[in-house]
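Welcome to this short tour. Please open your viewer, show the side chains, and get ready to select a few residues at each stop.

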Amino acid sequence: MKDCVKFYREGDDFGCFSNFSRHPIELDGKTWPTTEHYFQAMKFVGTPHEEAVRQADGPGESARMGRDRARPLRPDWETVKDGIMEKACYAKFTQHADIRKVLLSTGDAKLIEHTRNDSYWGDGGDGTGRNMLGITLMNVRAILRSEAEATKAAASGSPPQLSTPAAPAATSPSPPKPARAAPTAGGPAPQVSARAASTPARAPRKWAPAASAATSVPPPPPRAAAPAGFGPRRTAAPAAFTPSYEPPAPAASSATSVPPSPTRAASTAGFGPPRTAAPAAFTPTYVP
């Protein structure tokens, strides 16, 4: 079996893989002479140009009409064109049993539309093209193979074999620890670890009831009530405050002392006489 299958012209080997091959398809409630007719007409879906392309004389004419940029190309064409091509190819190879057999006979070989006229759907002639038609046919081949296996399994009454992940290796459980034998009469005492022997035994905890109201702290004695309209009663009046004023003593005279200031002149008109003595001591009187 070949590792690679190249096709291009409908008259060559594997020419049925070409969109120009005369294999009509039924899609969207209409009959299309070739997959090329359907693919090119979907560029103008919902317009009169769609029907005009469907009625073209041949696949070459439908291709020329579809490439005519004077016609209103749908705005999402670049997004949907790959899906439209796969839809047309799937209809072609499911509606014609003879070419479906040819496609499945290629096994896992790589399918290539070999032409320098197209670098998107073909390989560009030198392998630099994207070969999207070949990839589309390989996708359709995988779908047809899966459907054939499912049909065969249903006819035989056994479900298709599905690969299941390998079960993990079983691990043997660790053996249980042997039970400690009870000491026999007159036999040696059971061995106790050094840690257990050095740990003093704890006294069992005893439940103690909550403290009763009889053992609670008594509340403070009530405070004596104050007379109505007054604050708390004072027990004694504060001591009277009697400030005293003593004039400062004159500084001791010395040879270097500053001479006394001259006698203050009599006050001018409008002012009282100057003070000659210290003011009398102020003794406030406090009445409780």
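Which residues do ring pairs link into a cluster? Select Phe-7, Phe-14, Phe-17 and Phe-93: ring pairs join these four into a cluster. Here, rings of Phe, Tyr and Trp (its six-membered ring) pair if their centres lie within 6.5 Å.

Before moving on, a word about what you are viewing. This is a predicted model, in which local features need pLDDT of at least 70 and side-chain atom pairs count only at pLDDT 80 or more, while totals for chains, interfaces and linings use all residues. Residues are numbered from 1 along each chain as its sequence is written, and side-chain values use heavy atoms, with hydrogens and water left out.

**Next stop: Trp-32**

A search of the whole structure finds 7 aromatic pairs. One of them joins Trp-32 and Tyr-38, with 5.1 Å from centre to centre and 85° between the planes. That makes the pair edge-to-face; planes over 60 degrees apart get this name, those under 30 count as stacked and the rest as tilted.

Are these two residues buried or exposed? Trp-32 is buried at 0% relative accessibility, and Tyr-38 is buried at 1%. Buried means under 20% relative accessible area, exposed over 50%, and partly exposed in between (1.4 Å probe, protein chains only).

A charge sits over a ring if NZ of Lys or CZ of Arg is within 6 Å of the ring centre and within 35 degrees of the ring normal. For another example, select Lys-81 and Tyr-120: the charged end of Lys-81 is over the ring of Tyr-120, 4.1 Å from its centre.

**Then: the salt bridges**

Arg-54 also belongs to a network of salt bridges with Lys-30, Glu-50 and Glu-51. A salt bridge is a side-chain nitrogen of Lys or Arg within 4 Å of a carboxyl oxygen of Asp or Glu, and the count comes to 9.

Select Lys-30 and Glu-50, whose closest N and O atoms are 3.9 Å apart. Lys-30 lies in strand β3 and Glu-50 in helix α2, so their bridge ties together parts that are 20 residues apart in sequence. (Helices, H or I of at least four residues, and strands, E of at least two, are DSSP runs numbered from the N terminus.) Lys-30 is partly exposed at 28%, whereas Glu-50 is buried at 12%.

**Last stop: Arg-145 and Asp-108**

These side chains meet in a salt bridge at 2.9 Å, N to O. Arg-145 is in helix α6 and Asp-108 in the loop between α5 and β4, so the pair ties together parts 37 residues apart in sequence. Asp-108 is exposed at 65% relative accessibility.
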